[in-house]
Amino acid sequence: MEIVDTHAHLDFRAFDGDREAVVARAVEAGLVAIINPGTDLESSRAAVALAERYPHVYAAVGIHPTSAHLLDDEALAELRRLAAHPKVVAIGEIGLDDYWPRVPDRGWRCATPEEQHRAFQAQLDLAADLDLPVIIHDREAHDAVLTLLEAWVRGGEGRRGVLHSFSGDEAMARRAVEMGFYIGITGPVTFKKAEGLRRVVATVPMARLLVETDAPFLTPHPYRGRRNEPAHVRFVVRQIAEVRGVSPETVASQTTRNATTLFSRLRVETFHPPAPMSAGPRS
Ligand code: NI
């Protein structure tokens with residue numbers, strides 16, 4: 001199987017102790033690429049550094065909505081500089097988060113809805129300017145995100161992206177697909193109560209599905225409760241295969257093709273060369 005995990009935060013502290021081994025396990029599990037999105041400037045720089053270090057790792061750069069207040073002119077200029085790197089495949093993760101601003105006593109400064117809107121729009125404009133796809137974070141902000149994205153897509157040619165860790169319903173998925181977007185599926189699709197998400201998976205065109213982990217978060221069954229890592233994306237692949245009634249290999253190859261279509265800077269190398277014509281049985 002050749003799988004692309006289109007969303008993993010390998011730069012996060014959760015991987016400081018064993019990053020090397022985590023990447024090695026991912027490669028062993030059949031991953032041909034991992035996209036590491038940034039969540040602020042420091043994380044975006046770290047994502048690019050990891051992409052330089054590991055052949056399978058690619059980066060996206062962006063400011064997460066909860067940190068949107070950190071996006072000033074200088075930060076935007078640095079994102080633009082970072083995005084010139086050939087292994088930066090997208091602007092992200094960007095979007096709107098309506099959950100965290102409403103959590104009392106959270107103990108950290110979360111961007112206000114107004115700050116989030118401003119930063120989201122500025123980074124959408126940056127992506128359009130650089131002709132890069134966007135990786136969208138949408139937590140409890142479905143209508144506002146869709147409305148902004150629909151206006152953005154109408155504003156110019158080739159504007160494209162993925163709704164990361166999709167959490168909407170079938171109607172929302174249909175709107176996203178109609179405007180040319182991809183649907184990112186994460187570990188929760190394996191949870192018992194995720195009937196709604198599995199219905200989305202059953203109805204979205206296969207050509208628009210992507211598989212992601214959002215590691216270290218959203219660990220799929222049967223590892224739920226532990227730290228997530230890119231190798232676990234295979235459980236997402238298997239669940240989609242079961243829902244669609246196809247083989248995991250079919251899901252893997254189709255979603256890998258989708259990833260290389262959306263993220264045109266992705267250079268997926270095949271690490272399993274085809275067997276020579278005269279070869280005997282393959283292991
Ligand atoms: Ni994320």
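Helices (H or I, at least four residues) and strands (E, at least two) are DSSP runs, numbered from the N terminus. Glu-212 is found in the loop between β8 (209–211) and α8 (233–244). The model is predicted: local features need pLDDT of at least 70, side-chain atom pairs count only at pLDDT 80 or more, and totals for chains, interfaces and linings use all residues. Residues are numbered from 1 along each chain as its sequence is written, and side-chain values use heavy atoms, with hydrogens and water left out.

- Glu-212 is buried, at 0% relative accessibility. Buried means under 20% relative accessible area, exposed over 50%, partly exposed in between (1.4 Å probe, protein chains only).
- A polar atom of the Glu-212 side chain lies 2.7 Å from the backbone nitrogen of Ser-165.
- Glu-212 and Ser-165 are 47 residues apart along the chain, and their C-alpha atoms are separated by 7.4 Å.
- Residues touched by Glu-212 include Asp-5, His-7, His-164, Ser-165 and Thr-186, not counting residues up to four places away in sequence. Contact means heavy atoms within 4.5 Å.
- Thr-186 lies in the loop between β7 (182–185) and α7 (195–203). Thr-186 counts as buried, at 2% relative accessibility.
- The side chains of Thr-186 and Ser-165 make a polar contact (2.8 Å). A polar contact is a pair of N or O atoms within 3.5 Å; within protein, one must be able to donate a hydrogen and the other to accept it, and residues adjacent in sequence count only if both atoms are side-chain atoms.
- Beyond four places in sequence, Thr-186 touches Ser-165, Glu-212, Thr-213, Asp-214, Leu-218 and Val-236.

**Nonpolar cores**

- The largest nonpolar core has 73 residues, and Leu-149 and Phe-181 touch the most other members. Such a core is a set of buried Ala, Val, Leu, Ile, Met, Phe, Trp, Tyr and Cys residues joined through side-chain atoms within 4.5 Å.
- Helix α5 (residues 142–154) gives this core its largest share, six residues.
- Among the residues touched by Leu-149 are Phe-120, Leu-163, Met-179 and Phe-181, not counting residues up to four places away in sequence.
- Another core, of 16 residues, lies apart from it; Val-89, Ala-90, Val-162 and Leu-266 are among its members.

**Helix packing**

- The axes of α2 (residues 41–53) and α3 (residues 73–82) come within 11 Å and cross at roughly 10°. Axes are lines fitted to C-alpha atoms, for helices over the stretch in contact, and angles run from 0 to 180 degrees between N-to-C directions.
- That crossing makes α2 roughly parallel to α3 (angles under 35 degrees count as roughly parallel).
- Leu-41, Ser-44, Arg-45 and Val-48 of α2 make the contact with Ala-75, Glu-78, Leu-79 and Leu-82 of α3.

**Backbone geometry**

- Most residues other than glycine have a negative phi, and most peptide bonds are trans.
- The peptide bond from Gly-92 to Glu-93 is cis, with omega near 10°. Glu-93 lies in strand β4.
- A cis peptide bond also joins Ala-215 and Pro-216, with omega about 10°. Pro-216 is in the loop between β8 and α8.
- Asp-105 has a positive phi, near 55°. Asp-105 sits in the loop between β4 and α4 (113–130) and is exposed, at 80% relative accessibility.
- Glu-140 has a positive phi, near 55°. Glu-140 is in the loop between β5 (134–139) and α5 and is partly exposed, with a relative accessible area of 45%.

Note on methods
Angles under 35 degrees count as roughly parallel, over 145 as roughly antiparallel, 65 to 115 as roughly perpendicular and the rest as oblique.
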